[in-house]
Amino acid sequence: MNETLREKILPVLAIGLSAVLASCSTFHVESERLKAEIDNSVVRITATVQMPSYHAPWIWHQPVSRSGQGVVVGKNLVLTLASNVMNAKVIRMTIGTEPTPTPLTIKAINYDSNLALLTGNLPPEAKPLDIPPVSVFKHAAPLRMYWKTGNGTIVEGSAVLDKADTRYNFNSFQTQIMFHAIRSSHPQTGYGVPVFDNDGHFFGLATQGGNEYDFIIIICDTIARSFDLKKGAEVCATGMPGFNVSPLTQTYLRRKLGLANTDGGCLVTKVLQQGAGSKQLKKGDVLLALDGHPLDAWGRYKHPLFGPTFQSHLFSEHFVTEPMKATIVRDKKKIDIDLKLSDIDDSKWIIPVNPSYKPVDYLVRGGFVFLPLTLTYVKEWGGDYMNKAPISLLSALSKARGKLKTPEKREVVVLSRVLSHPTNIGLQEFGDNIVEEVDGKPLKSLAELKEILNDTSRKVVKLTLLPGRIPLWLSPATLKSADKEVKLRYGINQLERLTPRRK
Amino acid sequence: MTLYTRRLAAMAAMYLCFSALPKATSADIKDSVIKVRCMSQSYSFVEPWKKTQIRGGTGTGFVIEGGLIITNAHVVSDARYIEVQKYSGAKRFPAKVKFISHCCDLALLEIDDPSFKKNMKPLKLGSLPKIDSVVTTYGYPLGGLQLSVTKGVVSRIEMRTYAHPGGDQHLTIQTDAAINPGNSGGPVIQNGKVIGVAFQGLTAADNVGYMIPSVVVRHFLKDIADGKVDDYPDLAVEYSAYCLNPAFRGIVALPPGMSGVVVTKLFPGMPAYHKLKQMDIITAIGGKIISNDGFINLDGLKVRFAEVVERMQVGENIPLEIWRDGKKKLVNLKAASWKMPITLRNPYDVVPKYYIFGGLAFTVFSRGYISAIGGWRALPLYLKELFINANADETYASYENFAVLAKVLPDKVNVNMGKFVGQVVETVDGVTIKSIEQLKSALENSKNDLVEIRFVGCDVPLIISKKDALSRNGAILKEYHIPNGERL
């Protein structure tokens with residue numbers, strides 16, 4: 001037995017071991033070569049952000065820095081995640097061990113794809129990476145990630161591709177194909193860490209993770225559709241669906257709608273006031289086909305590369321103004337309609353979707369602090385804001401979201417808090433109430449409230465507050481009499497900040 | 001009134017009279033402090049045809065006149081079997097809950113065995129203690145098997161939320177005497193009389209224990225004197241301290257020297273809803289002047305004005321003085337306990353309703369159901385809104401309850417309907433559903449074979465064939481071992 005072990009098994013093991021060592025050594029050599037090749041293409045981005053305070057909107061929170069990764073993609077052009085640099089006061093990058101970072105500015109930002117192009121006078125060693133037009137999905141294909149640490153060292157991680165799937169990116173109304181990967185080495189992903197395939201080709205940027213081992217890659221297909229690098233890095237506006245669908249998988253519901261199981265089709269449940277479907281689609285329509293692709297009962301089409309893919313991805317593959325055909329069932333009749341692809345302008349909503357860290361509009365009168373309701377405002381309650389913010393604010397937010405500003409309703413105004421003063425004794429308990437009406441009329445905007453409260457010829461103004469439609473009587477003259485002292489006592493440099501209305 | 005209730009009424013009256021008898025000695029007190037053991041079991045609110053696991057627990061009680069035992073409701077909630085043991089003696093006596101009021105966390109136990117009363121000296125109820133006066137608690141808390149005695153002082157007397165019902169506030173005495181699990185239901189003694197019943201503590205603070213004062217215990221005994229539990233009445237008014245504001249006083253022309261609180265919210269179905277208006281100023285209650293921040297002076301204590309209603313029984317008259325439209329007005333309200341389509345109280349001794357139609361198991365949307373699915377956080381925003389607004393919104397005044405789809409028992413008749421679990425029924429075939437009983441009727445009497453159920457906040461309706469659902473119901477119940485398709 002011992003002889004067998006010595007003569008037969010050990011030589012085999014020795015050969016196997018040397019083969020493994022050799023392959024590791026090859027991997028190491030390959031890895032070092034690749035590292036050297038991309039060392040001047042991967043950059044570390046540092047952004048300084050200062051958020052306005054919503055509880056005291058006349059002051060700013062302490063500035064905070066965040067770091068992420070990016071890649072050089074052209075002369076003086078760096079690609080990174082929009083979330084790395086959004087609302088930054090200062091952006092800097094380092095490419096190696098240079099002591100002074102290079103200042104950058106945002107050249108173009110595409111919130112829908114969570115990508116940003118930065119520009120600045122990059123050091124001469126900066127080497128643009130070749131961005132292929134597509135990232136090819138291969139199940140279990142090995143990936144490498146490279147990122148720069150604070151002292152310029154390049155670090156490598158590895159992962160394997162798991163699946164291709166559609167998902168909403170950031171706060172977009174559009175879904176995109178993203179690749180999911182599973183880490184096999186370092187936990188660092190997200191923040192725009194560049195991802196390469198095993199041959200060293202650029203593959204995409206890593207964004208938010210799913211669980212401890214999962215992360216998601218914004219693939220080259222999306223990058224190519226987000227910016228036109230040849231035309232001075234312009235943002236390319238891809239189409240937005242502007243409607244929501246729900247699966248039509250209930251047998252009896254299909255029967256009631258006159259649909260056979262083989263017909264496929266999903267139910268349109270909500271149509272927004274902006275986007276491709278805003279004019280042609282109606283709630284209750286059944287969407288059978290889009291852009292020539294039949295849809296299944298879950299609203300998916302058969303993607304040639306990725307298999308069943310959610311229909312809204314078709315919009316991200318077409319640019320604004322391009323036409324798209326849809327087949328729907330309305331009132332049990334099958335009809336073809338032409339959808340004209342359009343964008344969604346966030347600034348047209350009563351409640352913008354993208355969080356903005358711009359200075360907050362506010363109005364202080366007699367210690368009463370009024371603000372427009374925004375998503376960022378309720379996010380002051382932290383990551384768990386859906387459970388911690390007052391229900392009345394969340395409810396108002398939910399009702400106003402997806403609605404366009406009109407001359408009658410431009411903002412939802414919140415009585416945020418009351419700064420105590422002898423004139424408002426007994427009224428200090430108000431806070432986070434929606435101002436629904438003023439003197440029985442729906443309130444249009446903060447600017448209108450300012451106009452009303454400044455009118456000292458009015459003896460009393462009645463605000464109707466939610467929740468509970470509680471009336472609050474205020475005397476403009478009394479408010480005015482307290483303003484000077486409130487300003488001094490609470491160190492408020494300006495009693496109001498109202499952004500001029502866009503024409 | 002039955003013979004039993006008359007007897008009990010006599011006992012309660014006798015007890016109230018005897019409260020003023022000479023104080024008990026320390027040995028008498030120990031003999032009257034009882035260890036209570038309880039096995040309890042409640043129903044599942046998600047699968048209401050099932051009962052939950054059997055749990056065991058211990059607490060304390062004390063004997064009052066007539067050999068009855070007072071303890072906390074939470075010690076004997078959902079009781080299946082109760083036994084009590086005296087300080088001196090190993091014998092365990094089976095006990096029964098005679099009356100239980102979850103809203104004030106009190107229960108009255110009765111022992112059939114006549115030997116229990118032998119040599120028993122019942123404890124008397126005292127009055128409200130003074131702040132900083134010394135009190136002694138007796139009970140059987142964790143950390144040992146024998147009777148535990150701790151001393152402390154009265155730190156504070158005010159209205160506070162009772163944890164057991166979850167949504168009710170009553171007068172509470174705070175003490176620094178140690179009150180730990182197992183003390184619940186035990187007497188807190190001063191000058192040989194019971195001035196409180198130990199019932200809860202504050203885990204986030206040191207030496208903060210709470211007792212139910214004797215005024216609340218007396219209220220409970222008076223309530224049950226007619227043989228039924230009516231619970232506490234409530235004024236059902238939300239108010240604000242606007243009258244502290246000089247400008248507001250000027251707007252409503254409230255004369256100098258007059259004080260009160262401003263009505264901001266009223267609740268449909270409660271007496272105040274029809275007699276008071278938003279922005280009325282309640283200036284006095286039961287002849288007591290209300291301060292601008294809502295307090296009155298009662299028995300030498302500064303307490304919230306609601307304490308006047310707290311000391312009344314359901315059906316009594318609540319005299320109010322109000323200021324409306326620049327004039328003083330007298331209003332009389334009939335004291336009533338809460339009636340609401342969504343139960344805000346924690347559920348105890350409740351047998352939940354349910355109804356199963358084609359494997360769709362509906363139950364009543366209640367606090368018990370919400371707790372069973374993981375609490376407040378598990379609810380979508382629109383159901384949180386419904387929970388908050390339903391009891392204060394005129395729209396829902398005629399609702400008896402809300403039906404929620406608690407479970408889908410998978411079957412060929414309900415394929416792909418699981419996503420509706422947890423949703424509250426709004427309409428059936430376009431008709432608004434105002435109770436689970438009405439839901440049953442609407443489903444079974446629908447003129448359409450394809451019945452449309454719409455849920456609050458959901459864009460997609462649930463469509464089910466009435467014929468198929470009814471024909472499959474029996475097989476589904478058999479398959480899932482459910483004895484009955486409904487309990488309404």
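**From values to terms**

Modeller: A:Tyr213 is found in the loop between β11 (202-207) and β12 (214-219) of chain A. Please keep in mind that this is a predicted model.

Colleague: What does A:Tyr213 form together with A:Val160 and A:Ile182?

Modeller: These three residues make up a nonpolar patch on the surface, and their accessible area together is about 250 Å². For such a patch, nonpolar side chains are joined within 5 Å.

Colleague: Which residues gather in the patch of positive charge on the surface?

Modeller: That patch brings together A:Lys270, A:Lys379, A:Arg401 and A:Lys403. Of these, A:Arg401 belongs to the loop between α8 (391-400) and β25 (413-418) of chain A.

Colleague: Why does A:Arg401 count as partly exposed?

Modeller: The relative accessibility of A:Arg401 is 32%. Buried means under 20% and exposed means over 50%, so A:Arg401 falls in between and is partly exposed.

Colleague: Is A:Gln69 buried or exposed, and how do you know?

Modeller: A:Gln69, a residue of strand β2 (residues 64-74) of chain A, has a relative accessible area of 3%. That value is under 20%, and therefore A:Gln69 is buried.

Colleague: What makes the contact between A:Glu156 and A:Arg144 a salt bridge?

Modeller: The closest N and O atoms of A:Glu156 and A:Arg144 are 3.2 Å apart. The criterion asks for a side-chain nitrogen of Lys or Arg within 4 Å of a carboxyl oxygen of Asp or Glu, so this pair qualifies. The pair links distant parts of the chain, with A:Glu156 in strand β8 (residues 154-168) and A:Arg144 in strand β7 (residues 142-148) of chain A, 12 residues apart. A:Glu156 is partly exposed at 22%, whereas A:Arg144 is buried at 2%.

Colleague: How many salt bridges does the structure hold over all chains?

Modeller: There are 34 of them over all chains. One is formed by the side chains of B:Lys353 and B:Glu437, with 2.5 Å from N to O.

Colleague: Why is strand β15 (residues 281-285) of chain B called mostly covered?

Modeller: Five of the five residues in this strand are buried. Buried means that each has under 20% relative accessible area.

Colleague: How do you know that β15(B) pairs with strand β19 (residues 317-324) of chain B?

Modeller: Four bridges join these two strands, which run antiparallel.

Colleague: What do β15(B) and β16(B) form?

Modeller: They form a hairpin with two residues between them, and B:Gly286 in the turn has a positive phi of about 55°. Two bridges join the antiparallel strands β15(B) and β16 (residues 288-289) of chain B, with B:Ile289 as the bridge partner of B:Ala284.

Key: Residues numbered from 1 in each chain as written. Chains lettered and ligands numbered in written order. Predicted model: local features only at pLDDT ≥ 70, side-chain atom pairs only at ≥ 80, totals over all residues. Heavy atoms only, no water. Patch = residues over 30% accessible without salt bridge, like charges linked within 9 Å, V, L, I, M, F, W, Y side chains within 5 Å. Areas by Shrake-Rupley, 256 points an atom, 1.4 Å probe, with all protein chains shown as cover. Lys, Arg positive; Asp, Glu negative; His and termini not counted. Charge placed at Lys NZ, Arg CZ, Asp CG, Glu CD. Buried < 20%, exposed > 50% of the residue type's maximum accessible area, 1.4 Å probe, protein only. Pairing = 2+ DSSP bridges.
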